[in-house]
Amino acid sequence: MSTSSSLRLAAVERHYLQGESRLTILDQADMEIGAGEMVALVAPSGAGKSTLLHIAGLLEKPDGGDVFVNGTSCAGLDDAGRTQMRRSSIGFVYQFHHLLPEFSALENVMLPQMIRGLPRKVAGERARMLLDYMRLGQRVSHRPAELSGGEQQRVAIARAVANNPYVLLADEPTGNLDPSTSSYVFEAMTALVRQSGVAALIATHNHDLARRMDRAVTLEGGKIVDHVLG
């Protein structure tokens, strides 16, 4: 694997207690994703996809091992440090867009930048540029309820990369869309990943979309292993 990976998981461990038994979700799990690379995470429900995404996104601490974001070790970060790393270096896209309903598309993309401390004007310029890139330039003033499902998800993708993250994590980002809209949104996300150079890990049950990514991985016995799609 390349030493210049934007996201690296090194010997990550995660266990849960079920009564008196210990359930192992991740067992010495290793993975690297380079800048501009798209990796599909394909695994059955209950295999630990959400746990893996949460640990990669610093939302959950592993029981062992380390997560490196653009070469920076996150093992020793306190809660404030993890929050800062998420804010500056990691973007999230979920199956449900989670846009703030009282704000316009433009404002939804501006907010994470302003929370990070950017001036409103600078945040607005970047938000407008991203929405133009996602072919939503004519919809910037619309609130989520005035947008289609595909448009809302494209706004969510633009919001996720608003702070120029090194890592993009997506959990079934097209799972709530019809096939035609799903394909269109995926194409838009792919173009943005390639253009921005973000490392993307995308959990999906859609094997057709997974085949369009650079490679696929799955979880077997707590290990992250390469997955060949049939």
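Glu37 sits in the loop between strand S2 (21–33) and strand S3. The model is predicted. A search of the whole structure finds seven salt bridges. Two of those described below run from helix H6 to the loop between H7 and S9: Arg212 with Glu187, and Arg194 with Asp214. UniProt lists residues 7–228 as "domain: ABC transporter", in an unreviewed entry.

**The annotated range**
- Over residues 7–228, the chain is 36% helix and 27% strand.
- The end C-alpha atoms of this range are 21 Å apart.

**Glu37 and its surroundings**
- Glu37 is buried, because its relative accessible area is 18% and the cut-off is under 20%.
- Its side chain makes a polar contact with the side chain of Arg215, at 2.6 Å.
- Leaving aside residues up to four places away in sequence, Glu37 touches Glu32, Val193, Arg194, Val198, Ala199, Ala200, Asp214 and Arg215.
- Two of these contacts, Arg194 and Asp214, also form a salt bridge with each other.

**Helix H6**
- H6 covers residues 179–196.
- Its 18 residues should span 26 Å at 1.5 Å a residue. The end C-alpha atoms are 26 Å apart, which agrees.
- At the N-terminal end, Asp178 caps the helix. A side-chain oxygen of Asp178 lies 3.1 Å from the backbone nitrogen of Ser180.
- Gly197 follows H6 and has a positive phi, near 80°.
- The buried residues of H6 are Ser182, Val185, Phe186, Ala188, Met189, Thr190, Leu192 and Val193.
- These buried residues pack against strands S3 (38–41), S7 (167–171) and S8 (199–203). They also pack against helices H4 (120–133), H5 (149–160) and H7.

- Arg212 forms a salt bridge with Glu187, with the closest N and O atoms 3.5 Å apart.
- Arg212 lies in the loop between helix H7 (207–211) and strand S9 (215–220), and Glu187 lies in H6, so this pair ties together parts that are 25 residues apart in sequence.
- Arg212 is partly exposed, at 36% relative accessible area. Glu187 is partly exposed as well, at 44%.
- Arg194 forms a salt bridge with Asp214, with the closest N and O atoms 2.9 Å apart.
- This pair links distant parts of the chain: Arg194 is in H6, Asp214 is in the loop between H7 and S9, and 20 residues separate them.
- Arg194 counts as partly exposed, at 38% relative accessibility. Asp214 counts as partly exposed, at 41%.

- Asp208 forms a salt bridge with Arg211, with the closest N and O atoms 3.0 Å apart.
- Both residues lie in helix H7, three residues apart, about one turn of the helix.
- An α-helix has 3.6 residues a turn, so residues three or four places apart point the same way.
- Asp208 counts as exposed, at 54% relative accessibility. Arg211 counts as partly exposed, at 42%.
- Elsewhere, salt bridges that share partners join Arg14, Glu60 and Asp63 into one network.

Methods:
Residues are numbered from 1 along each chain as its sequence is written. This is a predicted model: local features need pLDDT of at least 70, side-chain atom pairs count only at pLDDT 80 or more; totals for chains, interfaces and linings use all residues. Side-chain values use heavy atoms; hydrogens and water are left out. A salt bridge is a side-chain nitrogen of Lys or Arg within 4 Å of a carboxyl oxygen of Asp or Glu. Helices (H or I, at least four residues) and strands (E, at least two) are DSSP runs, numbered from the N terminus. Buried means under 20% relative accessible area, exposed over 50%, partly exposed in between (1.4 Å probe, protein chains only). UniProt positions are given in the numbering used here, feature names are shortened, and annotations may be inferred rather than shown by experiment. The expected span of a helix is 1.5 Å times one less than its number of residues. Contact means heavy atoms within 4.5 Å. A polar contact is a pair of N or O atoms within 3.5 Å; within protein, one must be able to donate a hydrogen and the other to accept it, and residues adjacent in sequence count only if both atoms are side-chain atoms.
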